[in-house]
Each structure stands twice: as structure tokens, then as C-alpha cells.
Amino acid sequence: MDQREEAKTLFSKMTSLENGILVIFWEQILERINKVNKKLQTAGLDLLDASALLSSLEGFIKEKRNNIDTESTQYEILAKTLTNYLSSEYKDKRKRILRYSDGTTGCGSNLTGKNKFKNEILNVVLDKFQNKFQKRKKIYKENSENFKFLFDIGNKKTKIIDESSMQNACKFYKEDIEDFATLKNECIHFKEYINIIVVNEQSQINCAEILKIVYDKHLIDTFPNLYTVMKIFLTMPITNCEAERSFSRMSYIKNKQRNTMSDDRLADLMLLSIEHKITKALNYDEVIKEYALIKVRKLRHQKY
């Protein structure tokens, strides 16, 4: 009998209108967050793009919050299409009880079930989301502002390179960059160089393409400080997901049967496992042949 009552209570909660609205609400919010998280984990994404994605996601949440009356109505309409078992009404309105400092109580304004759910659930969730995104966006923004001049170098429509971000980069990475004047001259020189060699209509060249030009044209010695800054910028981690995946892989590779494995072998096996797409695309016949030739050369050397 107790199990039946428990099941009946659970069924009542799952088929409530509020629960159906939360299903629609979370589906829309988490779908956007999931798309952004996947994009943040893609190779080649830099801090400027990551900062723009987070800012746009914060704007999406803010728009939902500002139009919560319209949005909650839409959630209600969509929720009622989920199942025929779903309740068509909110829970009964209740009177808010106010407790004063002297111990007395009083009645506040009446809240309908819809308004109570909107104010105490939906608004609270959206406000917390917005607060978290603001904090995270601030970190990305502070780091990306140190490299704004790299964006100006690749922008053909911009003639002025941001010097304040250059100064911030020189101050923050003073052990890696020679000095501000040298970096500034390299940036101005390279921007003119880009305008000459890139003759297509592409108005913006990203940092990865700039670094490739420097490397392919053998200009590392010509623009050493700019090359260093670009490497720092492009190797800064956007998220910690890659490190988390590495530890997850290690738990599969180094088990109790392989507990005596050396660190070098473990690192090599983890690399093969993490980069499994590249590993599967390798021609094993060529690898075995090359390995056999190495062994043959060692044997010949030992013989003589």
C-alpha cells in the first residue's frame, strides 16, 4: 500500500504542469549551452571567438529573462502538448505570510500559482545562469584584451593597431617579449606585409592563418616577438576538457594488470588512445617496415 501511495505521489508530481514547463524550459536552455560547449572544445578556437560565444550566450539568457512573461506562456503551451496526462492548471494560489522582526506575522500580496512558479523558479534559475556567465565572460575578456592587437593585424579594414593591448601583453609576458617598442614595430611591419601578400578579398585573417604565414614564409627570425605572442595566444586552453579526457583515458590504460608500466610507455599509449582518429588512419604496414629497418640497423651496428 505504501508503494502504491508513493507511486501515486510521484506520478502526480511528474504530470504537474510545472514539471512539464521545466522540461521545455531546460530543453531550450541546455540545448544552447551544449552547442556552445561543443564549439569551445573544437580545435583552432581562440580566446576572442570564445569570449564572443560566451557573450552571445549571456545575451540569450538575458533575453529570456527580460521576456519571461511571454516565454513562460510559450513554455506552458508547449508543455501541454507533451502528454495527455499533464495537468492543465498550476497549483493553487497561496497567501504569502510575512514575518516581522517583533515576531508578529501578516499577510502579503496573493500570488497565483503561475506567478509564484515564474518568480521563484524560472526567474531565479535565469538570474543564476546570467551571474555565472558574467563571471566566466569576465575572465575570457580580461585575457583576450591582452591580444586585441593580433586581431587588428589580421583586419584589413583596420589601419590602427591597439597599443594598450600590446602594452598589456608586454607587461604580462615580459620574460617572453623583448620590449614594447620592438613588438610594436614588428606588428606595424607585419601588417603592411600582410596587405601586400594577401591579395584576395578576405577582410579578416585569424591568428592561426597569420602564424602559418610566418612559419611557411620562414619569417620567424624577422618577426620573433610577434611569433612568440601568437604561439602563446593560440596555445592558451579555452577549457579544461582535454585534460579531463586525458585522465579518463589513463584509468582505462593503466589498470592493475599494467601497474608496472613505465611513464614513457604510458604517455605513448595515452597519446595513441586520445588521438585515436589519427591512430586508425595510420598505415601499419609502413610503421612495421620502418620499425624493422631500425632494428636491422641496430643489429648491423652491434655486429661491426
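Is Tyr85 buried or exposed in this predicted model? At a relative accessibility of 62%, Tyr85 counts as exposed. The residue belongs to a protein of 304 residues, of which 30% count as buried. The secondary structure consists of 14 helices and two strands. Among contacts with a separation of 6 or more, 65% join residues 24 or more positions apart.

Aromatic pairing was examined over the whole structure, and eleven aromatic pairs were found. One of them joins Phe11 and Tyr85 in an edge-to-face arrangement, with 6.0 Å from centre to centre and 75° between the planes. This pair links distant parts of the chain, since Phe11 lies in helix 1 (residues 2-14) while Tyr85 lies in the loop between helix 4 (68-79) and strand 1 (94-99), 74 residues apart. Because Trp26 lies in helix 2 (residues 17-40) and Phe129 in helix 5, the pair ties together parts that are 103 residues apart in sequence. Trp26 counts as partly exposed, at 31% relative accessibility, and Phe129 counts as buried, at 18%. Both residues belong to one aromatic cluster, which is formed by Phe25, Trp26, Tyr75, Phe129 and Phe133.

Helix 2 also contains Ile24, a buried residue with a relative accessible area of 11%. Leaving out residues up to four places away in sequence, Ile24 touches Tyr75, Leu78, Ala79 and Leu82. Of these contacts, the one with Ala79 spans 55 residues in sequence, with the C-alpha atoms 6.4 Å apart in space. Tyr75, another residue touched by Ile24, is a member of the aromatic cluster. In helix 5 (residues 113-144), Gln130 is buried at 14% relative accessibility. With residues up to four places away again not counted, Gln130 touches Glu58, Ile61, Lys62 and Arg65.

The largest nonpolar core comprises 57 residues, among which Phe149, Leu150, Ile153 and Phe190 touch the most other members. Helix 2 gives the most to this core, with eight residues. The surroundings of Leu150 were considered in more detail. Apart from neighbours within four places in sequence, Leu150 is in contact with Cys207, Ile210, Leu226, Val229, Met230 and Phe233.

In helix 7 (residues 163-172), the buried positions are Ser165, Met166, Ala169 and Cys170. Viewed down the helix axis, these residues fall within an arc of 140°, so they line one face of helix 7. An α-helix has 3.6 residues a turn, so residues three or four places apart point the same way. On the other side of helix 7, Lys171 and Phe172 are exposed.

The structure holds zero disulfides. Cys170 is buried, with a relative accessible area of 11%. The closest cysteine sulfur to that of Cys170 belongs to Cys187, at 8.4 Å, and this distance is too far for a bond. A pair of cysteine sulfur atoms would have to lie within 2.5 Å to count as a disulfide.

Notes: Residues are numbered from 1 along each chain as its sequence is written. This is a predicted model: local features need pLDDT of at least 70, side-chain atom pairs count only at pLDDT 80 or more; totals for chains, interfaces and linings use all residues. Side-chain values use heavy atoms; hydrogens and water are left out. Helices (H or I, at least four residues) and strands (E, at least two) are DSSP runs, numbered from the N terminus. Buried means under 20% relative accessible area, exposed over 50%, partly exposed in between (1.4 Å probe, protein chains only). Contact means heavy atoms within 4.5 Å. Rings of Phe, Tyr and Trp (its six-membered ring) pair if their centres lie within 6.5 Å; planes under 30 degrees apart count as stacked, over 60 as edge-to-face and the rest as tilted. The arc is that of the directions from the helix axis to the C-beta atoms. A nonpolar core is a set of buried Ala, Val, Leu, Ile, Met, Phe, Trp, Tyr and Cys residues joined through side-chain atoms within 4.5 Å.
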